[in-house]
Amino acid sequence: MAMREIMYRDALREAIDEEMARNPTVFIIGEGIAERGGSYKVTEGLLAKYGPKRVRDTPIAEAGMIGVGVGAAIAGARPIVEILYVDFAMLGMDMIVNQAAKFRLMTGGNGRVPFIMRTQGGAGGGVAAQHSQSLEALFYHIPGLRVVMPSTPSDAKGLLKYALRQEDPVMFLEHKHLYMTKGLVPDGEHIIEFGKADIKRPGKDVTLIAWSNMVPTTLAAAEELAAQGIDAEVIDPRTLVPLDKKTILDSVAKTKRAVIVQEANRRGGVASDICSIIQEELFYDLDAPVSIVAGLDIPIPFNLTLEKASVPQKQDVVAAARRVLHADPIELAAE
Amino acid sequence: MSTPARTANAPSKALLEKIFRTAYKIRVFETEGIKLYRQGLIRGYFHPYLGQEGIATGVCAALSEGDYIASTHRGHGHCIAWGADVKRMVAELLQKETGYCKGYGGSMHIADISVGNLGANGIVGAGTPLGVGAALAAQIRGSDAVTVTFTSDGGSNNGTFLESLNLAAIWNLNFILVIENNQYAVSTRIEESTREQDLYKRGIAIGVPSFQVDGNDPIAVHDLTREAVELCRAGKGPVLIEAKTFRHMGHHVNDPGKYMPEDQLAYYKARDPVDRARAALLDMGGAKAQEIAAIEAEIAAEFESAVEFSKASSEVTPEAFREFAVGY
């Protein structure tokens, strides 16, 4: 299939554009997304193409706009609500957790909520504690939500198009560092179903599991490991809910060693849950304890050196992989 | 506040009968439902709409097929006024598979999307943004459907009240927000929660045509809602309606409501909305006492057969539930 190299933000725009052209009930609202085209230029040009009825700026009212999106979805439309930072989505948590996530069950399955919240998270660039969080674990914990975290332009486009055709509320979590990254995206209709992990790099010695902006970090670590003679397999679940357990477990059954890499702080994180799934299913096949590389359990500081120290870096992944491979001599404690 | 002129034409007998039937049906549902609760047949929470029947009755009588409503935790009255099947409502309260939500939702979550009932809601104030969302969906579809959200004095102190009514205002949505001001948020009196107790004034502050009405007068509520619908369809929406009323008992079945002053309760009971609907049908509609008695007997029988139906219905099995849970 013919491919083009485009940026993550352009891939997202293509997905929205194509689905808006296809379905007249798809619309998008958010702060500065119309005339201005959004803080990350994802919605640039959509106002001119689809008009002010379907591309609307909102006041600073996250609970209101998320709630309005949920209501519109219940009433049969296909809203995309863009929230500037995932940190700001906390203002709308009742609408996400108590309304969107519950509605299908509370109605005995009759009511569906095809609501999409697009937002971005992650540290980097010194935007400090209220603009840097990775909050996927909050959404992951709530039954009824879909949690999507694309790491490449191709995944961003394919998953967003799928999100706009399925029936459940989707937390579509982008990363502020990925918008300008480039990658190959197939021409024509390109849709990626939820619940299908992608093997970003095949390998046989150790399984590295990572999502969102930790995928490029982990791939770089895998290259460094390769130079050291270690052949790492890198798996990107792409959607945390639903989680493709099979692809993860098949890989770990093969390599017998796993490292899970998440940018979010460690406590109560998604990595801990994936770790528990692996050990429950594969305990007797493992050659080493499963290792987690995660952010520190602390709010992200402004100072750029300290910011970097609070989230995983390439060398942390390399060290963890070497540890589960027992690649380095054990240092015995001095008497 | 500008009070729209009372409808020039006197209400038809058909409308008056519809209003009485609805108000009386709600009264029976709540009164008999409380008995079932006391017998242990209904579990969980049950927030009676007793005393407030005039609002749901008057508002819904002014709406049409294709419109939407969003309700509150005190939602039985809205469902009935919207035309819900009492059988499926009782079955829901009795946790049966034949209920509106198969027993998955219960009293606080009865909804029927297929006819535009966006549902009751266990979170006070949450129906306001959801209703604005339905109104936005209608506007995007190019429909002139109107959405009504019922909220309360309690709900009007939630942040989503301002956020969502403001969104409805800047987007000129066909949205009517009805504040059922029953003067209590659970047990907290409005004087303790709000300095300005005329709540319709909150709409004026954000440029929304806003009105106040006696919530215990179903005909007045109907007439005002009809004007509000016309304003919406003329592109002058959204509209805010504050309907003053009073509960006949505590917050829920197990709240004796001892904090409610007896003289105030007596004042509102003397202005009972069901009695007023009956009197209107008799006096303005010229109905005979036998007609009223026949309607009342019919509604009582409908409720009785709903209870029989519900008792005979099955519950969702744990096996079927586990199947439902797959993929969550």
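**Chain B, overall**

I began with chain B and counted 13 helices and seven strands. Helices are DSSP runs of H or I with at least four residues, strands are runs of E with at least two, and both are numbered from the N terminus. I noted that the model is predicted, so that local features need pLDDT of at least 70 and side-chain atom pairs count only at pLDDT 80 or more, while totals for chains, interfaces and linings use all residues. Residues are numbered from 1 along each chain as its sequence is written, and chains are lettered from A and ligands numbered from 1 in the order in which they are written.

I looked up the radius of gyration, which is taken over C-alpha atoms and compared with a globule rule of 2.2 Å times the number of residues to the power 0.38. Along the principal axes, its C-alpha atoms fill a box of roughly 55 × 55 × 40 Å.

I then took burial: a residue is buried if 20 or more other C-beta atoms lie within 10 Å of its own, exposed if 12 or fewer, and partly exposed in between, with C-beta atoms placed from the backbone. In chain B, 55% of the 328 residues count as buried. Two residues are in contact if their C-beta atoms, placed from the backbone, lie within 7 Å. Of the contacts in chain B between residues at least 6 apart in sequence, 75% join residues at least 24 apart.

**Strand E7 of chain B**

I examined strand E7 (residues 239-244) of chain B and found six of its six residues buried. In a regular strand the side chains alternate between the two faces of the sheet. On one side of E7(B) I listed Val239(B), Ile241(B) and Ala243(B), and on the other Leu240(B), Glu242(B) and Lys244(B); all are buried.

Strands pair here if DSSP finds at least two bridges between them. Strand E3 (residues 175-181) of chain B runs parallel to E7(B) and is joined to it by six bridges, with Val178(B) opposite Ile241(B). Strand E6 (residues 210-214) of chain B also runs parallel to E7(B), through five bridges, and Gln212(B) stands opposite Glu242(B).

I traced E6(B), helix H9 (residues 218-236) of chain B and E7(B) as a right-handed β-α-β unit. Right-handed means that, with the strands pointing away from the viewer, the path from the first strand over the helix to the second runs clockwise.

**Backbone exceptions**

Most residues other than glycine have a negative phi, and most peptide bonds are trans. In the loop between H9 and E7 of chain B I found Pro238(B), joined to Gly237(B) by a cis peptide bond with omega about -5°. In chain A, the bond from Val241(A) to Pro242(A) is cis, with omega near -5°; Pro242(A) lies in the loop between strand E12 (239-241) and helix H8 (245-255).

Lys102(B), not a glycine, has a positive phi of about 60°. I placed Lys102(B) in the loop between helix H4 (86-93) and H5 of chain B, and it counts as buried because 22 C-beta neighbours lie inside 10 Å. Gln183(B) has a positive phi of about 70° and is found in the loop between E3 and strand E4 (184-185) of chain B.

**Chain A and its domains**

In chain A I counted eleven helices and 14 strands. Its radius of gyration is 20 Å, close to the 20 Å of the globule rule for 335 residues, so chain A is as compact as a globular protein of that length. Buried residues make up 54% of the 335.

An automatic or database domain assignment gives the domain bounds: domain 1 (3-186) and domain 2 (198-324) of chain A. Their centres, taken over C-alpha atoms, are separated by 26 Å. I found 24 residues of domain 1 in contact with 23 residues of domain 2. Elements giving two or more residues to the domain 1 side include helix H6 (153-163) and strand E7 (170-175) of chain A. In H6(A), eleven of eleven residues are buried.

**Between the chains**

Last, I found 31 residues of chain B in contact with 34 residues of chain A. H5(B) gives the most to the chain B side, with ten residues.
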